[in-house]
Amino acid sequence: MSFLWPQLLWLLLLLPLLVLLYLWILRRRRRVSLRYASLSIVREAMGTATNWRRHVPPVLLLLAFAALLLAAARPMATVTLPSTQQTIILAMDVSGSMRATDVEPNRLVASQNAAKAFIKELPRHVKVGIVAFAGSAQVVQPATLNREDLNTAIDKFQLQRATAIGSAIVVALSEIFPGQIDLASVTWGRHSDPFGPRGRAIDQRPPAAGGATPPVEPVPPGSYGSAAVILLTDGQRTTGVDTLEAAQMAADRGVRVYTVGVGTVDGEVIGFEGWSMRVRLDEDTLKEVARTTRGEYFHAGTAENLRQVYESLSTRLTVEKRETEVTALLALVAAVLVLLSAGLSLYWFNRVL
């Protein structure tokens, strides 16, 4: 716990003075009681039960004063509160390697099922957008509150060639910040087809004149609380924007990227349109993306792992821990203690302290 006005904590030194004042009052009362002819008469009138009861209301009042003095210093504490996240972009890999069956029934179907379950658990006020990527990346469903449209978009995934992980992050950012990122200037000339002759370029069109992405004033990574990106992939980048370059773009805008690696690190040999190749999960790069953007990396080696990953992400994105002023809470505690002290005093002694 920290305090906005820590200098007011010196007021806590008043508490020992209040204790001394209370002890002085008790001693003064004892002196007055000595004027009675017989102390046994006084003890019999007071009763043994009142010996400890008479100290309870003052102790509660002392605790109330302590809470008020702490409240005056404006304490800050890290508490779990509902998230302010309003938009989540799911960037999902639809490259040919997603047909691998090491995650049953296969990686694509497992990721589709987990994504739909994740969307179902999100609060209704959270918008979700979907980016599908393989050799290129595109928004297949703009951010929306309509869960049926999202499920339909997920069911329509079609496997394609290559893996443009960095491009997926850039396209997701363009959905979060519409009009602020010129995709042509960022991605032109970077998309190549690893299955084509000598990496044939997919997009040879030059960017439009004057369409370059304007410079961005960097903000602290992870500081943008209105949106986040969840990136799911089972391979390593083969084309498109450099993954770490795209991650830095997200970090400069404060957007967290949560990365999910599907499948095995050793990889699996798959066949696709007459080609066969071993696809490996590039964990190191995905971890670096998460670290750069202040997100988290998750590995899902099975369908059950993938489901658990999405459940964990749902929890992280619907609640968050943040430093909040708890002055009002301490003031409430003090008020309750004052009322309890007065109530017990009236109930036991028919007077307020």
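This is a predicted model: local features need pLDDT of at least 70, side-chain atom pairs count only at pLDDT 80 or more; totals for chains, interfaces and linings use all residues.
User: Which residue of β5 stands opposite I130?

Analyst: Two opposite positions can be named for β5. V128 stands opposite T144. For I130, the residue opposite in β5 is Q141.

User: Is strand β9 largely enclosed or largely open, and how many of its residues are buried?

Analyst: β9 consists of seven residues, 256-262. Buried means a relative accessible area under 20%.

User: Which residue of β9 is the bridge partner of L232?

Analyst: Strand β8 (residues 227-233) runs parallel to β9, and six bridges join them. On the other pairing of β9 listed here, with β12 (residues 297-300), there are four bridges, and V262 has A300 as its partner. For L232, the bridge partner in β9 is V260.

User: What is the handedness of the β-α-β unit made by β8, helix α9 and β9?

Analyst: The two strands of the unit run parallel. Helix α9, residues 243-252, belongs to the unit together with β8 and β9. The unit is right-handed.

User: Which residues does T87 contact, leaving aside its neighbours within four places in sequence?

Analyst: T87 is found in strand β3, residues 87-93. Its relative accessibility is 17%, so T87 counts as buried. Beyond its sequence neighbours, the residues in contact with T87 are K127, A143, S226, A227 and A228.

User: What distance separates the C-alpha atoms of Q86 and A227?

Analyst: Q86 is placed in the loop between β2 (75-82) and β3, and is partly exposed at 35% relative accessible area. Not counting residues up to four places away in sequence, Q86 touches H125, V126, K127 and S226. Although Q86 and A227 are 141 residues apart along the chain, their C-alpha atoms are separated by 5.9 Å.

User: How many aromatic pairs are there?

Analyst: A pair of aromatic rings is described by the distance of the centres and the angle of the planes. The rings count as paired if their centres lie within 6.5 Å. By this rule the number of aromatic pairs is two.

User: Is the pair of F118 and Y310 stacked, edge-to-face or tilted?

Analyst: F118 lies in helix α5 (residues 107-121) and Y310 in helix α11 (residues 303-318), so their pair ties together parts that are 192 residues apart in sequence. F118 is buried at 2% relative accessibility, and Y310 is buried with a relative accessible area of 2%. The ring centres are 5.3 Å apart and the planes stand at 50 degrees, so the pair is tilted.

User: How far apart are the ring centres of F177 and Y224?

Analyst: F177 lies in the loop between α7 and α8 (183-187), and Y224 in the loop between β7 (200-201) and β8, so this pair ties together parts 47 residues apart in sequence. F177 is buried at 9% relative accessibility, whereas Y224 is partly exposed at 28%. The planes stand at 55 degrees, so the pair is tilted, and the centres are apart by 5.1 Å.

User: Which residue lies over the face of W5?

Analyst: A charge sits over a ring if, among other conditions, CZ of Arg is within 6 Å of the ring centre. Here the distance from the ring centre of W5 is 5.0 Å. The residue over the face of W5 is R74.

How values were computed:
Residues are numbered from 1 along each chain as its sequence is written. Side-chain values use heavy atoms; hydrogens and water are left out. Buried means under 20% relative accessible area, exposed over 50%, partly exposed in between (1.4 Å probe, protein chains only). Two strands pair if DSSP finds at least two bridges between them. A crossover is right-handed if, with the strands pointing away from the viewer, the path from the first strand over the helix to the second runs clockwise. Rings of Phe, Tyr and Trp (its six-membered ring) pair if their centres lie within 6.5 Å; planes under 30 degrees apart count as stacked, over 60 as edge-to-face and the rest as tilted. A charge sits over a ring if NZ of Lys or CZ of Arg is within 6 Å of the ring centre and within 35 degrees of the ring normal. Contact means heavy atoms within 4.5 Å.
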